[in-house]
Amino acid sequence: MFINTFWSLVPPVVAIVLALITKEVYSSLFIGILCGGLLYSGFSLQGTIEHVLTDGIIGSLSDSYNVGILIFLVVLGAMVMLMNRAGGSAAFGRWSQEHIKSKKGAQFATIILGCLIFVDDYFNCLTVGSVMRPLTDKHKISRAKLAYLIDATAAPICIIAPVSSWAAAVSGFVEGANGLELFIRAIPYNFYALLTIVMMLVLTARDFDFGPMKAAELTNNLNYVEPSPEPEPNITGADDQPEPPVSDKGRVMHLVFPIVVLIISCVIGLVYSGGFFEGTSFIDAFSGADASVGLSIGSVLALIITIIFYLATRVLDFKECMNALPEGFKSMVPAILILTFAWSLKAMTDSLGARDYVAGIVSVIAENDAAMSLLPCIVFVIGCFLAFATGTSWGTFGVLIPIVVNVFGGDLSNELMIIAISACMAGAVCGDHCSPISDTTIMASAGAQCDHLLHVSTQLPYAVTVAVVSFVCYVFTGFIRSWIICLPLSIALMIVVLLVAKKKMVREA
């Protein structure tokens, strides 16, 4: 009765609405999971309990891919704690105070670092957050703004970087065509990702904000706390115990070296999982990489090298290194709990046949010849909605990309197919960017140590603004079908919208 119908999208909608109303994410996600279990079992108590626990929570935690991501998060938490204890973050803070002397400079530095770490969005969120937090705090940039800058340089950067776990994922969903070639050709049409970057640069260069973010920046009351004996509020749910002492021997290299090692190790881990050391070419290895396995291997290797480095430079002793590991794990527990619930909610949605329901809608649209030129903007909207409701970009890729490829028969010479694939990727990233149950959004909150729902509410107007401009761009791109013309037009339109918004704000002030 409820399978493969609109009801399959009700559980995530319930969770999202409750989260936005109650400002409490754990109970909202769990109620959404229960709704999915009730619909799947036909409101049978026993069936609901079994489905929620066995197929939902236990199933999510026993999935090898999810476990690999959890290992990656735990190791990253441990590495961040080690870098803090070693004094690397404090040393970078002192260095940045000497070289970056303005709020605008701190924001540009955050954007640049986020763009440089393009291998994986999880890695991006936690690394940029841990490195830039002391600097943005010094310049009184709200944690909400930091979380936005992190989130906007995570998935949007990864989805236009050919050497990333996202490129590998997209390539893997393409059958009957060269996935990597299609990905590269789709980059100039990925309006949401490109315009998100344009928006960040314009907002920073022109030094203005709007909506809830403006209030956060003016009042500085979203998780920014001056140094005091009081504990710092953050998503990690840190307890009230005093922080252990930070080494006074730390230097900037004690922050930079582990990050560089982590990047190199993760790249090695990714290509290893794709068979590079078994004779596969580097490009094919990256295309076939298993992000869960690769990132787990890379992070564990980087952790071992970091501990050896700290011991060799005598910035920390062995006991201090070991004490930092469980503390890093503890800092990630709330994020892991949210991720577990988000994965379980996705399992409920999948079991109700959300993918088949959406696939049927897209197939019907694609059969209408009159709608073909409008297909990119339609696919973009569907991708936004599906990713927002399910909280997953990659799941949205898995649903929509094969459908679009089949509609065009995998013909890479058809420019409209490239545009439609790009619209699918853009819509998936947009929905992921807006959704409070998205793992990337959760990681951005964790990286910035910002309350999760505050991050969602302050980021949403920005993401929606870019989404509306992107939709308009896909409308005319479906007819023009040339990125040389459409990309400059889309950038110009985005800049005009922002400048008009700023003028309106000035008049209202």
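Which helix holds Cys-384? In this predicted model, where residues are numbered from 1 along each chain as its sequence is written, Cys-384 sits in helix H19, residues 375-390. Helices here are DSSP runs of H or I with at least four residues, strands are runs of E with at least two, and both are numbered from the N terminus. Local features need pLDDT of at least 70 and side-chain atom pairs count only at pLDDT 80 or more, while totals for chains, interfaces and linings use all residues; side-chain values use heavy atoms, with hydrogens and water left out.

Cys-384 counts as buried because its relative accessibility is 14%; buried means under 20% relative accessible area, exposed over 50%, and partly exposed in between, with a 1.4 Å probe and protein chains only. Leaving aside neighbours within four places in sequence, Cys-384 is in contact (heavy atoms within 4.5 Å) with Gly-427, Ala-428, Cys-430 and Gly-431.

As for the chain as a whole, it has 24 helices and zero strands. Of its 509 residues, 57% are buried. Take the contacts between residues at least 6 apart in sequence: 79% of them join residues at least 24 apart.

Helix H6 (residues 103-116) packs on helix H12 (residues 191-206) at about 165°, with the axes 9 Å apart; axes are lines fitted to C-alpha atoms, for helices over the stretch in contact, and angles run from 0 to 180 degrees between N-to-C directions. That makes H6 roughly antiparallel to H12, given that angles over 145 degrees count as roughly antiparallel, under 35 as roughly parallel, 65 to 115 as roughly perpendicular and the rest as oblique. Lys-104, Gln-107, Phe-108 and Ile-111 of H6 meet Met-200, Leu-201, Thr-204 and Ala-205 of H12.

On confidence, the chain averages a pLDDT of 81, and 85% of the residues score at least 70; pLDDT is the predictor's confidence in each residue, from 0 to 100. Residues 221-241 fall below 50, yet this stretch has 39 contacts in the model beyond near neighbours in sequence. Where pLDDT is low, the predicted coordinates should not be read in detail.
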